[in-house]
Each structure stands twice: as C-alpha cells, then as structure tokens.
Amino acid sequence: MVIYGVALLSFCMLLGIILGELLGRLFGIDANIGGIGIAMLLLIFLSDYLKKSFRLGDITEKGITFWSMIYIPIVVAMASKQNVLGAIDGGLIALFAGGIAVLLSFLLIPVLSKIKK
Amino acid sequence: MDIFEVLNTVLSKNGLITSFVFVGCIVWFSYFLSDKLTNGKFHGSALAILLGLLFAYLGGIYTGGKQGVADIGLLSGVGLLGGAMLRDFAIIATAYGVKLEDLKSSGVAGISSLFIGVILSFFVGATVAVIFGYSDAVSIATIGAGAVTFVVGPVTGTALNASSEVIALSIAAGLVKSIFVMTSTPFIAKYVGLNNPNSAMIFGGLMGTNSGVAAGLAAVDPKLVPYGAMTATFYTGLGCLLAPSILFLIIELLY
C-alpha cells in the first residue's frame, strides 16, 4: 500500500524534528539541531530493517520515491519564494559578508576532501 | 459574469494545485531552453532554479513583500509547495537509497567541515563589518552570525541585544549567502571536485544554508542531495550554539 511508504516517511520526519527540537532545548537554544538529518538516518535504518524482516513492497516504496522525485520541482518553488529583493537591498556589507563566505567555503572543498584519503 | 473573476477565484482557492502548474511550466520551459540553447550542457534544473529566483525578484518588486511570487494572491500556493515543510519532507525522502558506507567514510570530513564552515563564515562576516566601520563587538558578532545563515544572524542579534538595523543587515547577509550558493554551485562544482558523496557532505557542512545546499546540489546531481543535506541540517543549530557564545567572546576580547 502506497500509504505505508508515505506514513513511514512522515513518521521519520516527525520523530526526527522532535529529537532535533529536544537537542536544541538541551543546549538552551531556540533552534532545531539536525532534526532533518536525524530523520534521514531514521529512514535509512528503518527501511533497511523493514526490508529485511517484512519486505517492503514495491508500491510501498513508491510512497517514498515519489517524494524524492518531486524534490526538484519543490526546490524550484522554494527558489520562487525567496526574498531576492531583500538580499539585494542589504547593500554592499551584506553582499561582501555573504559572498566572500561562500567563495572561501568553495575553496575549502578540495582541501577537506583529502581528509578521507 | 466576469471570466477573470471566476479564474482568479478558482486559481486562488486551489493554490497548491495552481503552484503545480506554475512550477511545471517553469521546469518544462527550462529543460526546453537547456536542450535547444545549450544542448543540455547547462542543466535544466539549474536553469529552472535561476528562473524561479528571477520570478521571486519580480514578485518582490511587484508586491513589495518578502515571499517572492508567493505574495501574489494567485500564486500563494507556491509558498506551501516551496515551504520548509514539503521541502524537508522531500529531502528526507531522498535519503532512501543512501549508502551507509558513504556516510560513515565521510563522517570525520563532514563533522570537521561543519565547524570550519561556521567559524570561517562568522569571521568573514565579522571582518567585513569591521572594514565597513562597525566597532562594537555586538554589531560585529551579529553581522558575522548573519554570514553563517539568516537564522543564526537574528538569533545571535536578539541574544546580544543588537540594534534592529544590524539584525536586518545580518538577515540580508544570510540571504545573499543562500541565493549565491543556489546560483553559483552549478558553475563552480566541477572546479572544486563536487561530484561525489564525500565532497557533497563537505559542501553541505561548509555552506550550511539548507535552501542553498538543497538547490545547489539539485542543479549539479540530485543523487548528491541527501549527502549535502545531511550535514547542512546540523549547521544552523551549531551556528546558534557557537555564535552568541564562544565566537562572540572572541570578538569581545579583540575589541
């Protein structure tokens, strides 16, 4: 049943966000720490476990893969609702502060990639 | 009977459905352009994201609001489709099929990239603030935090009692970062080796802006999305933890 996949995905998201929220409270800050990442790990582990012990059906799987395929259109919608004007209105300080941070971070990708090797 | 009024009512009332048509048209048009003009060399999804940002800019000018096209009544559904709830739902779904070995083998690099990313962005923002003449530790730290993400900026500014003008500036710095990551990633990716799960995790940890990382990787290779999103999701939390505390104290010592 396709709803099993959607429900599993939703359950992981809610549990992940709750744990992320609790983690934030634990550190005394008003922000979610890693909720989505925790949810992703939950989905990876749970689906792996369920596959082995119950066999997730093809259709159940589609309840998850549909959402992963609709990801890019969602990102396009997200881009269409950004406050682009606000970013431009911030002037030179905002432009330099945000822009240089991004450029330097890009430069560090090849450096940090070597850690693994 | 006014046909425009009927149209307006139906499209607004069924906002989410209208947004599917709107986004579908953007994506179709982008892949069409990518195919005809660049022979598919420039990714259709990258073009679609750029077009989306362009519409957001036009929407901002037209309505004066902060939500891009979502402030236009007819297109309010775009706000729901592109909002944090569905975005995060889809990001989590992309994790289905992630290889655990890839996550484990990049663990150390991913975690170090998180700390380096937050600290580097903070000090870049702080330095720019100093160059532009700010000399009080609170303003410098708030603008530095804005260069971390547009959430960390106001969280830090509020905690430190920064002026609302400085907080607005920190949000703008975070917005620039996020939009710059969205637009530049497809162009820069091949020069920095951003083409495998390991470098995607590092990318997510260094940049940290959820929307920037989500859109940037989608335009490079959708398979890399879960790896970048995995580290990026810890970034804002870590920033909120470090910026108003240790990082602010360092700035205060210097000033």
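Mentor: Chain B comes to 13 helices and zero strands, where helices (H or I, at least four residues) and strands (E, at least two) are DSSP runs, numbered from the N terminus. This is a predicted model, in which local features need pLDDT of at least 70, side-chain atom pairs count only at pLDDT 80 or more, and totals for chains, interfaces and linings use all residues. Residues are numbered from 1 along each chain as its sequence is written, while chains are lettered from A and ligands numbered from 1 in the order in which they are written.

Trainee: How compact is chain B for its 255 residues?

Mentor: One compares the radius of gyration, taken over C-alpha atoms, with the globule rule, 2.2 Å times the number of residues to the power 0.38. For chain B the radius is 20 Å, close to the 18 Å that the rule gives for 255 residues, so chain B is as compact as a globular protein of that length. Its C-alpha atoms fill a box of roughly 70 × 45 × 30 Å along the principal axes.

Trainee: What share of the residues of chain B count as buried?

Mentor: A residue is buried if 20 or more other C-beta atoms lie within 10 Å of its own, exposed if 12 or fewer, and partly exposed in between, with C-beta atoms placed from the backbone. In chain B, 57% of the 255 residues count as buried.

Trainee: Which residues of α3(A) are buried, and which exposed residues lie on the face turned away from them?

Mentor: Thr60(A), Gly63(A), Ile64(A), Trp67(A) and Ser68(A) are buried. They cover an arc of only 130° around the axis, which puts them on the same side of α3(A); the arc is that of the directions from the helix axis to the C-beta atoms. The face turned away from that buried side carries the exposed residues Asp58(A) and Ile59(A).

Trainee: What covers the buried residues of α3(A)?

Mentor: The cover includes α1 (2-26) and α4 (71-80) of chain A, together with α5 (84-94) of chain B.

How values were computed. Two residues are in contact if their C-beta atoms, placed from the backbone, lie within 7 Å.
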